[in-house]
Every structure is written in structure tokens, then in C-alpha cells.
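Visitor: Can you walk me through this one? I'd like to start with helix packing and then ask about aromatics.

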Amino acid sequence: MHVRKLPLIIGFPLVLGACATAIPSAYTDPKAGFANVASQITPALGKRTVFAETQAENEAVKREVRAMVQGKTISADTAVQVALLNNKGLQASYANVGLSAAEAWQQSTPENPIVSIGVLGIGAPELGAYRAIEGLIRANLLDATTRKQRRAIADASFRQAQLTAVNDTLTLANQTRQAWVNAVSAFEVVGYLKRAKATSDAGSELARKLGETGALNKAAQAREQAFNAELAGQLAKARLDATTAKEELTRLMGLWGADVNYYVPDALPGLPRSVGGVANVEAKALRNRVDLRVAKLGLEAQAKAFGLTDQTRIVSDLEIVAGAELEREAEGSDIEKEITPQVELEFAIPIYDSGKARMRKAELSYLQAANVLAERAVNVRSEARGAERAYHASYKIARHYRDVLVPLRKTVENEALLSYNGMITNTFELLTDVREKLGAELEAADAKRAFFMAQADLTAAIYGGGAGSGGGGSEDATLAAGGGAGH
């Protein structure tokens with residue numbers, strides 16, 4: 001009778017452990033979760049991204065990137081595409097999605113049963129080799145009964161990791177676009193200052209010659225030479241700023257070695273003819289912001305974790321142990337064998353830890369996640385409103401410089417040149433007017449840079465990826481390469 005009961009007793013823990021072993025393929029796929037990430041990136045940015053795991057995949061990316069940048073003048077769109085393909089920090093973010101999938105896979109897998117075998121009475125003289133053999137198999141009942149909840153928590157974390165990767169991609173795209181704007185704008189400033197320096201050199205040389213003839217006093221000479229020296233310093237600083245800005249772009253694109261031999265345009269593209277408003281910008285941001293969706297999933301995960309904590313508040317560890325003992329006894333010249341089945345139930349008695357502290361921690365974690373989500377929603381609304389206002393205001397300012405101030409300075413310069421040709425205006429007055437016009441052009445260039453930065457910020461405020469969340473590409477026409485051969 002003992003023998004007939006034995007398979008049932010030993011098999012009971014195995015049956016418990018085998019429950020719910022179906023594992024979704026979404027967790028076991030080699031690039032788990034990445035297809036979902038990529039499907040959200042392409043519509044938002046119009047660019048593609050890759051998750052390169054093998055040496056062959058990395059080599060293919062390297063060849064593609066090299067063909068896009070080496071020896072070429074790149075546009076903002078090209079810079080963003082290279083960053084999405086080649087930035088190693090982004091690859092690490094994609095790997096984190098795989099780690100999250102592996103954790104969900106692990107939580108979906110039953111805990112392995114523990115088998116123990118013991119031999120008692122080794123070397124007993126009347127029994128031969130041993131007196132008894134004891135075999136036990138141990139299974140965690142709590143693991144079997146809470147696996148569904150733990151997998152739900154892991155699944156929420158998996159989905160959250162995917163959205164975080166999307167947000168990281170948008171952030172990188174926005175940072176790269178703005179780095180391109182900064183680099184091109186910096187080289188544009190260098191161009192203006194070089195022209196201003198040429199004008200100043202002419203004025204300084206004229207002042208020196210007039211000083212030699214006695215037609216210009218030392219104070220006037222020093223004034224022209226001091227301005228020329230200041231301009232030389234400004235030009236040197238502008239060149240350093242341009243080099244630094246381009247290096248930041250290079251870093252975001254993940255380039256090194258021979259691949260850094262690329263160029264950016266000499267100037268930003270012109271302003272668009274007009275910019276349209278964004279209808280219901282707050283609602284659009286609330287609907288599309290990826291970081292807000294990440295916070296929502298964080299709240300969902302905390303809610304599931306709270307339920308699991310509540311379920312295991314009293315019983316935090318519950319195990320069933322089943323097995324049998326084969327015992328031998330000597331009866332004269334015969335050896336009697338007896339099999340004795342056994343079943344044990346192990347659990348912790350909640351004498352000291354009643355689970356109240358863990359419940360309190362779970363409650364506060366849920367409350368924390370809820371407040372983070374509420375704050376994120378308020379901030380998203382504010383960021384969207386502020387970005388839209390900055391976008392339109394920066395466009396008006398840039399147009400004001402382009403359409404009003406710079407033309408006025410050109411008119412002053414042209415009239416001064418006519419007066420100079422008519423012997424009415426002296427040379428230094430003409431040079432002053434030329435310098436003031438170049439100063440207006442520098443201000444106009446900075447206003448244009450501010451507009452393109454605000455354009456990128458608006459898209460980031462709607463889709464994610466800005467300073468407060470993550471970034472995106474331009475909502476209007478994307479920046480194309482400006483004029484000139486580039487640097």
C-alpha cells in the first residue's frame with residue numbers, strides 16, 4: 001500500500017511547479033521588445049534605428065555610417081539618422097529592453113524543485129552497505145500561487161522599458177538636431193566675424209598710416225587698434241566655440257577615427273515663410289508624450305506590486321516537502337524492507353514580522369508613483385504651452401532682425417558709402433557703419449539659431465525627448481544643409 005501512494009506523494013510538488021509554464025514568445029525573442037520600439041520611432045522621426053547585437057550587424061552599421069558622413073557635408077536629418085544608428089548609449093538602452101524581457105521570462109518560469117537524497121547507517125554490519133535511504137523533493141507553494149502576479153509586474157516593467165527606450169531615442173534625436181543647429185550657427189558666426197575683422201584690419205591700418213602723417217591723434221589710433229584687438233579675440237573664441245559645438249555633434253553621432261572627417265554647412269537655412277499654430281497643444285502633448293506613458297506604466301507596476309504584497313503579507317514563505325524513506329531491518333538471515341512516505345509543510349510563523357511594514361512600504365510606493373504621474377502631467381501641459389509660445393515668439397524676433405534691423409543697417413551702410421564717395425563722410429564713419437551692420441547680422445544669426453532650437457523644443461514638448469523628458473525631430477520642415485562648403 002505504501003508503494004502505491006509513493007508516486008502520488010512525490011509527484012505532487014512537481015505538478016505544482018509545472019503549473020502555468022507557458023512563456024510568451026515576446027519574452028524569448030532574440031530582440032525582444034525592439035520591434036515595438038522601432039515601430040514607434042519611425043512614424044515620430046521619419047528615421048530608422050537598429051539594435052546591433054552581433055559583430056556582423058555592427059560592421060554593417062559601421063559601413064553604412066561611414067558612407068553617410070566621411071568627407072561629406074551633412075544635414076540635420078543625416079546627423080540624426082547617424083546618431084540613431086551609431087550611438088552606443090542608445091544601444092545600451094535597447095539592451096535594457098532585452099534585460100527586462102529576460103526578467104519577465106524568468107518570472108514566468110516555475111522555480112526548480114529541490115531534491116535531496118540521504119543515506120543512513122552506512123556500513124551497518126548486519127545490513128551490509130546501509131540501513132536506510134531517504135529521498136525528498138521540495139517545491140515552493142508560494143511561487144506557484146503568486147507566479148501570475150509576479151509575471152504581471154515583470155510584464156509592466158517590460159513595457160515600461162520599451163517606452164523608456166523610445167523616450168531615450170527621441171531624446172538623442174532632439175539633442176543631435178540641436179547640436180547640429182549649434183554647430184552650424186557657430187560657424188556662421190565665425191564667418192560674420194571674419195568679415196568684421198577684415199573691415200577692422202582696414203580701419204586699423206588706415207589709422208596707423210594717418211597717425212604717421214599726424215592727421216590722427218594717438219587716442220583715435222588706439223581706439224581703432226583696441227577695437228581690432230577685441231575683434232581678434234572674439235574671432236578666436238568663436239572658432240573655439242564652433243570647434244567645440246562640432247565635437248559635441250560628433251560625440252552624439254558616436255563617431256571616431258576617420259569618420260570624424262565630415263563637414264557641417266557654413267550657415268543655417270533661411271527662416272520659413274510662416275509658421276502655423278498647434279491646435280490643442282496641451283491635449284496633443286498629453287496624448288503623445290512618451291515619458292507620461294512611462295509614468296503611467298510605473299503606476300500600474302506599483303499597483304500590481306501592492307496586490308502581491310497584500311497577498312503575501314501573512315505568509316511570506318510556504319513550501320511543501322514530499323518523499324519517502326526506504327528502511328532495511330535484519331530479521332535473522334533475511335533483510336526486511338519498508339517504504340515510508342512522508343509529507344511536510346514548511347512556513348514562517350508571523351510572530352515578529354506581521355507584514356504591516358511591507359504593506360506600508362507598498363502603499364507609500366504606490367502613492368509616490370501616483371504623485372510622480374500627476375506632477376508629470378502638470379509639467380507636460382506647462383512645457384507644451386511654453387514651447388509653443390517660445391516657438392512663435394522666436395520666429396517673430398528672427399523675422400524682425402531679418403526684415404527690419406538688417407535692412408536698415410544695410411541702408412545706413414549704402415548711404416554712408418555714397419556720402420564717402422561724395423567726400424561728405426570720412427573713412428572712419430564709413431567703417432563704423434559697416435561694423436554696425438555686421439553686428440546686426442550677428443544678432444540676426446543668433447535669433448535664427450534660437451528659432452530653430454525652439455522648433456526642436458516644440459516637437460520635444462509634444463512627443464518627448466526635451467530637457468524635461470526626451471526629444472524629437474522638427475514638426476515643420478526639417479533642417480536642410482545651409483550654404484557654403486562647410487567645416
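Guide: What follows covers a pair of helices, a residue in one of them, and some aromatic pairs.

Guide: Keep in mind that this is a predicted model.

Visitor: Fine. At what angle do the axes of helix 4 and helix 5 cross?

Guide: Roughly 165°, and the axes come within 10 Å. Helix 4 covers residues 55-69 and helix 5 covers residues 76-86.

Visitor: So how is helix 4 oriented relative to helix 5, roughly parallel or roughly antiparallel?

Guide: Roughly antiparallel, because the crossing angle is over the 145 degrees that this label requires.

Visitor: And the crossing, left-handed or right-handed?

Guide: The crossing of helix 4 and helix 5 is left-handed.

Visitor: Which residues make the contact?

Guide: Helix 4 contributes V61, E64, V65, M68 and V69. From helix 5 come T78, Q81, V82, L85 and N86.

Visitor: What's the breakdown by class?

Guide: Six residues are nonpolar, three are polar and one is charged.

Visitor: Let's look at N86. Buried or exposed?

Guide: N86, which is in helix 5, counts as buried because its relative accessibility is 10% and the cut-off is under 20%.

Visitor: What is N86 in contact with, leaving aside neighbours within four places in sequence?

Guide: V61 and V65, both of which belong to the helix 4 side of the contact described above. N86 is also in contact with M253, G254 and L255.

Visitor: Changing topic. How many aromatic pairs does the structure hold?

Guide: Seven. One of them is Y27 with F158, an edge-to-face pair with 5.7 Å centre to centre and 80° between the planes.

Visitor: Where do Y27 and F158 sit in the chain?

Guide: Y27 is in helix 2 (residues 25-28) and F158 is in helix 7 (residues 141-213). The two are 131 residues apart, and the pair links distant parts of the chain.

Visitor: Is that pair buried or exposed?

Guide: Y27 counts as buried at 7% relative accessibility, and F158 is buried with a relative accessible area of 4%.

Visitor: What about F51 and Y94, which geometry does that pair have?

Guide: F51 and Y94 are edge-to-face, at 6.3 Å centre to centre with 75° between the planes. F51 lies in the loop between helix 3 and helix 4, while Y94 is in helix 6 (residues 88-108), 43 residues apart.

Visitor: F51 and Y94, buried or exposed?

Guide: F51 counts as buried at 12% relative accessibility. Y94 is buried too, with a relative accessible area of 2%.

Visitor: Which residues form an aromatic cluster?

Guide: Y391, Y395, F451 and F452 form one aromatic cluster.

Methods. Residues are numbered from 1 along each chain as its sequence is written. This is a predicted model: local features need pLDDT of at least 70, side-chain atom pairs count only at pLDDT 80 or more; totals for chains, interfaces and linings use all residues. Side-chain values use heavy atoms; hydrogens and water are left out. Axes are lines fitted to C-alpha atoms, for helices over the stretch in contact, and angles run from 0 to 180 degrees between N-to-C directions. Helices (H or I, at least four residues) and strands (E, at least two) are DSSP runs, numbered from the N terminus. Angles under 35 degrees count as roughly parallel, over 145 as roughly antiparallel, 65 to 115 as roughly perpendicular and the rest as oblique. A crossing is left-handed if the near helix is turned anticlockwise from the far one by less than a right angle, and right-handed if clockwise. Contact means heavy atoms within 4.5 Å. Ala, Val, Leu, Ile, Met, Phe, Trp, Tyr, Cys and Pro count as nonpolar, Asp, Glu, Lys and Arg as charged, and the others, Gly among them, as polar. Buried means under 20% relative accessible area, exposed over 50%, partly exposed in between (1.4 Å probe, protein chains only). Rings of Phe, Tyr and Trp (its six-membered ring) pair if their centres lie within 6.5 Å; planes under 30 degrees apart count as stacked, over 60 as edge-to-face and the rest as tilted.
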